[in-house]
Amino acid sequence: MDPEQLDEFVMGYLKKKGFNGAAKQLQEALHNNNNNNGTGSSSSFNSTDYHNDPELTKLIRSFSQSENDPTRYRNGYSNLRSWAYNSLDLYKHELLRVMYPVFIHCYMDLVGKGHTQEARAFFNSFRKDHEMIHLRDLQKLEGVLVPSHLEEMEFARSLRQSKVNIKICQYSYDLLLQYLHRTESTLMLGIINEHINFQVYSGQPNSSSDDIDAVTIVGSFQETADHVNQKEIQWGLLEDSLEDRLEKTGSLLTDSEKGQGESKDGDVDDSNKKRSTEIGKQGSSLKKLKKDKAGNATAKVARQETSTVSPAPRVKSELALPVMSTDVEESILEDLRNRVQLSSVAMPSVSFYTFVNTHNGLNCASISHDGSLVAGGFSDSSIKVWDMAKIGQAGSGALQGESDTNDQVAGPNSRRNYTLLLGHSGPVYSATFSPPGDFVLSSSADTTIRLWSTQLNANLVCYKGHNYPVWDVQFSPFGHYFASCSHDRTARIWSMDRVQPLRIMAGHLSDVDCVQWHPNCNYIATGSSDKTVRLWDVQTGECVRIFIGHRSMVLSLAMSPDGRYMASGDEDGTIMMWDLSTARCITPLMGHNSCVWSLSYSGEGSLLASGSADCTVKLWDVTSSTKLTKAEEKNGNSNRLRSLRTFPTKSTPVHALRFSRRNLLFAAGAISKPTS
């Protein structure tokens with residue numbers, strides 16, 4: 001076929017398909033080219049009968065049939081998949097990263113062209129390859145059945161409008177291009193070119209688990225996140241806070257004075273000495289023993305590590321904070337003065353509260369700031385609160401259950417060793433104590449939040465506002481205000497004296513699963529099933545940060561005491577540490593192999609504790625995780641495992657964690673029967 005005939009066919013194809021603008025531009029270009037060459041054959045296009053030319057019609061029909069053939073997607077993907085799985089092990093894991101985005105876009109293209117049955121067959125044939133990592137995404141895509149769903153469903157629309165960033169070494173990239181060109185896989189090449197951005201680096205490929213950022217989503221959502229993350233935030237501590245006063249007065253006790261003060265670790269405040277329990281005494285004796293063993297060298301290392309951290313800036317509160325009573329203030333100051341300085345060589349003591357006989361009914365657990373009260377939320381809509389002082393006086397020595405008889409019912413001649421709070425009409429998903437421990441908040445599947453008094457053992461207020469189950473609720477660090485999050489994709493700010501929310505934070509694309517306050521009370525963070533974490537301004541209700549990097553739903557959050565860093569844990573067991581000022585992930589902490597349900601920073605912020613469904617508590621060295629050498633910064637290698645210690649339980653998933661003000665670590669969970 002000579003060039004002029006080929007040009008005529010292309011022109012005819014464009015006009016047949018209705019691309020009149022492109023046809024006009026092509027004709028003008030050819031006309032100019034012919035004029036430059038001194039020929040006058042440009043009129044040949046006008047003399048051609050595009051609709052009656054049999055050879056042209058045959059060529060156009062063959063193009064149209066091949067474009068609309070749904071088997072091209074199955075054959076192209078299947079061949080690419082076989083080639084990737086048969087590649088050398090050194091490059092296989094990098095080449096397999098391409099398969100998931102190609103898979104979902106093949107499926108959505110088939111749906112978009114109306115091939116519903118072929119799309120379902122394609123989806124069911126290859127979904128097992130991706131279920132381990134992308135199960136929730138696949139469950140959402142399963143609902144995309146007709147072309148209109150691609151526009152109506154937010155998840156599908158965001159996938160179509162976004163691109164995937166994939167890190168790949170130069171040799172893997174060359175192998176992929178050679179395969180696509182050698183096999184003339186134009187369809188797969190088109191999908192990859194349209195929906196994937198390759199970040200090619202030189203050298204050998206990284207191992208499959210080394211790089212948490214190997215696959216990331218970019219596009220319109222990433223552009224939105226970049227725009228949001230340019231906003232200025234004030235991450236420092238409040239002016240005239242109790243910690244600020246201690247620093248200014250320099251009234252921190254010496255190590256010897258701390259050792260004497262730790263014998264009073266069970267005394268939460270002077271007005272309630274009856275709550276000094278055997279647990280507190282045991283914890284204090286353990287801490288004294290560890291301190292004696294560590295000696296002066298440990299104290300020096302701890303002081304060196306804490307002294308290298310620059311002090312947090314001071315900011316003003318945007319909320320009208322409640323006035324703290326003198327007794328509570330003195331109690332907190334006393335705890336802060338006697339705080340044990342932790343570090344990588346000075347580990348905390350751990351007190352674990354185990355629920356027994358729960359019959360898989362425990363949904364959540366919460367521990368008060370001093371560890372004297374423990375609450376559990378159950379599937380039967382009840383909340384139970386245990387006072388550790390009473391259990392200690394009963395001689396049990398540790399919380400082994402709700403102890404003597406059964407978790408649900410006490411014997412006719414026995415007294416319950418817990419307080420039963422009834423009021424919800426659905427499973428209780430979250431419970432949290434106020435900082436002084438005089439109130440408990442609970443959230444439930446009945447869409448309500450309830451405020452309870454631990455002194456009156458009664459329900460005080462029922463807050464209604466969410467439209468669907470409320471997954472989490474958290475008191476602010478100063479009490480009075482609290483935040484909640486729900487299946488309705490919103491988070492809300494409340495105050496105890498108002499039954500309607502003060503602010504509604506909307507923006508997540510799926511359930512908001514967890515919420516956490518910033519230490520200065522000016523921001524809240526929310527984690528969602530859309531795999532993102534957002535930071536919200538409490539005063540304006542505006543989103544000021546979007547953190548992108550998790551590969552599964554975010555289930556837990558924690559803020560560092562100075563307010564500079566945030567940790568988030570997800571369903572896969574990955575923990576990510578974020579710098580709030582830059583919205584960048586400092587380092588991923590990988591070690592858990594199941595959901596991370598709880599996170600907590602130590603009082604001075606040097607350690608991070610994580611509790612997981614894999615029945616372990618892990619301690620992470622935050623100080624070293626946030627410090628990178630110049631060589632590591634240059635190479636971009638921030639993936640450094642900093643697990644210091646793992647505390648395995650017998651068979652108890654960890655529901656809750658909390659560092660007390662004196663840096664004793666409390667944990668709680670329900671023992672489960674090991675699978676035989």
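Me: Which strands form the open sheet of three, and in what order?
Reply: The order in this open sheet is β6-β32-β31, and the pairing is mixed. Strands here are DSSP runs of E with at least two residues, numbered from the N terminus, and two strands pair if DSSP finds at least two bridges between them. The model is predicted: local features need pLDDT of at least 70, side-chain atom pairs count only at pLDDT 80 or more, and totals for chains, interfaces and linings use all residues. Residues are numbered from 1 along each chain as its sequence is written, and side-chain values use heavy atoms, without hydrogens and water.

Me: Which strands are at the edges?
Reply: The edge strands, each pairing on one side only, are β6 (350-355) and β31 (656-659).

Me: Do β6 and β32 pair in the parallel or the antiparallel sense?
Reply: β6 pairs with β32 (residues 665-670) in the parallel sense, over six bridges. Tyrosine 353 has alanine 668 in β32 as its bridge partner.

Me: New topic: where is serine 372?
Reply: Serine 372 lies in the loop between β7 (362-367) and β8 (373-378).

Me: Is serine 372 buried or exposed?
Reply: Serine 372 is buried, as its relative accessible area is 4%; buried means under 20%, exposed over 50%, and partly exposed in between, with a 1.4 Å probe and protein chains only.

Me: What does its side chain contact?
Reply: The side chain of serine 372 makes a polar contact with that of aspartate 370, at 2.6 Å. A polar contact is a pair of N or O atoms within 3.5 Å; within protein, one must be able to donate a hydrogen and the other to accept it, and residues adjacent in sequence count only if both atoms are side-chain atoms.

Note on methods
Helix = DSSP H or I, 4+ residues; strand = E, 2+ residues; numbered from the N terminus.
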